[in-house]
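Dear colleague,

Please find the structure below for your records.

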Amino acid sequence: MVNSEGNRMRVGIDIGGTKIVAGVVGGDGVVVHSKRIATQTEKGYDGVKEDIIRLVRTVLDEAHIAARAVEQIGIATAGQIEKVSKKILFSPNMGWRNVPLKDDIENAFGVKTCIENDANAATYGEWKFGLKGVPQDVLGIFIGTGIGGGLILDGKLYRGFSNVGAEVGHTILNPYGYRCNCGNNGCFEAYCGGAYIVERVKKKIEEGYRGKIFDLIGGDIGHLHTGIIEEAYLLGDDLCVHVWQEVIEYLGAGVASLVNLLNPQIVVFGGGVIYGTKYLIDEMNVVLKKRAMDASLKGLEIKKATLGENAALLGVSYIEE
Ligand SMILES: [Zn+2]
């Protein structure tokens, strides 16, 4: 089956710790049909792999497309991908080590399959479809529970010497800073990742803090999220002013360091924390302008991602090996 431009359809798969999404993608970068399932990590690699194969069969059937008519299958997943074997070296949210998911999917469908780190895939998707592939140097920063990043340099996805570069979230902003899930201290993610921010506010409330934030969440810690922390900050809640100002300062400083290093034309921001807050990017931008070098700021554009949660799925269905 071909779309109106005569391009063959593609399939993108986005594997997350809570859900797996598979989508059929048309030549113009539009997801024509998609379906999601819950990730059952407890089934282990073989069980989840079978779930993914079944999910892809279902979306193809429902879209009335035969597997042999598919140009490429793309898999976006958290974790690092080995350069030559394309095995997933380690995926922290799935608990997988050295799994040959790319080969297994390729063998199941007989379709050329590509696998990519999810933040790289999302950056590529935003670049190719959101920005139409025009700017040659783009930094993608995706802030959700943690921070993922991707680089388009000289018009190409940059992965680094061993394929494991662009770990924006583990840029160290303060060697004596907050503990990061990677085992290090003071990573960008430990300061600005959504889960870490929520955890800092949660801890203070558990220790007895009562302020506007406590009223906003109706006294229920389960209702804490970064959007509501920003709201409390805007209302002048002491705790949230302290926490959120720190987030803004570190985000601005972190982006300034990366902008000084890479001199991108565009920094594109995505992820749940970005979509769920009102002024974070604008306030970050004020700090960025104070902290980055003038020459690096010249012509720099700060943009919000436009593809939402389809970015990785779309990107990876088009990435060439
Ligand atoms: Zn880290």
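How far apart do the C-alpha centres of domain 1 and domain 2 lie? The two centres are 28 Å apart. Domain 1 covers residues 10–111 and domain 2 covers residues 133–305, with bounds that come from an automatic or database domain assignment.

Two notes on reading the model are needed. Residues are numbered from 1 along each chain as its sequence is written. This is a predicted model, in which local features need pLDDT of at least 70 and side-chain atom pairs count only at pLDDT 80 or more, while totals for chains, interfaces and linings use all residues.

Overall form

The chain has 12 helices and 13 strands; these are DSSP runs numbered from the N terminus, helices being H or I of at least four residues and strands E of at least two. The radius of gyration of the chain is 20 Å, close to the 20 Å that the globule rule gives for 321 residues, so the chain is as compact as a globular protein of that length. That radius is taken over C-alpha atoms, and the rule is 2.2 Å times the number of residues to the power 0.38. Along its principal axes, the C-alpha trace spans about 60 × 45 × 35 Å. Of the 321 residues, 41% count as buried (20 or more other C-beta atoms within 10 Å of the residue's own; exposed means 12 or fewer, partly exposed in between, with C-beta atoms placed from the backbone).

The nonpolar core

The largest nonpolar core holds 87 residues, and those touching the most other members are Ile13, Ile75, Ile229, Cys240 and Val247. Helix 8 (residues 238–262) gives the largest share of this core, 13 residues. Both domain 1 and domain 2 contribute residues, so the core lies between them. Such a core is a set of buried Ala, Val, Leu, Ile, Met, Phe, Trp, Tyr and Cys residues joined through C-beta atoms within 7 Å. Leaving aside neighbours within four places in sequence, Ile75 has contacts that include Ile13, Leu101, Ile115 and Val316 (a contact means C-beta atoms, placed from the backbone, within 7 Å).

An open sheet of 5 strands has the order 11-10-9-12-13 and mixed pairing, where two strands pair if DSSP finds at least two bridges between them. Its edge strands are strand 11 (156–157) and strand 13 (301–304), each pairing on one side only. Strand 9 (residues 138–143) runs parallel to strand 12 (residues 266–270), joined by 5 bridges, and Ile141 stands opposite Phe269 in strand 12. Strand 9 is also joined to strand 10 by 6 bridges in the antiparallel sense, with Leu139 and Leu151 as bridge partners.

Another open sheet has 3 strands in the order 5-6-7, with antiparallel pairing. Strand 5 (80–81) and strand 7 (96–99) are at the edges with a single partner strand each, so one side of each has no neighbour in the sheet. Gln80 has Phe90 of strand 6 as its bridge partner.

An exposed position

Arg54 is found in helix 1 (residues 44–62). Arg54 counts as exposed because 12 C-beta neighbours lie inside 10 Å.

Yours sincerely

Key. Two residues are in contact if their C-beta atoms, placed from the backbone, lie within 7 Å.
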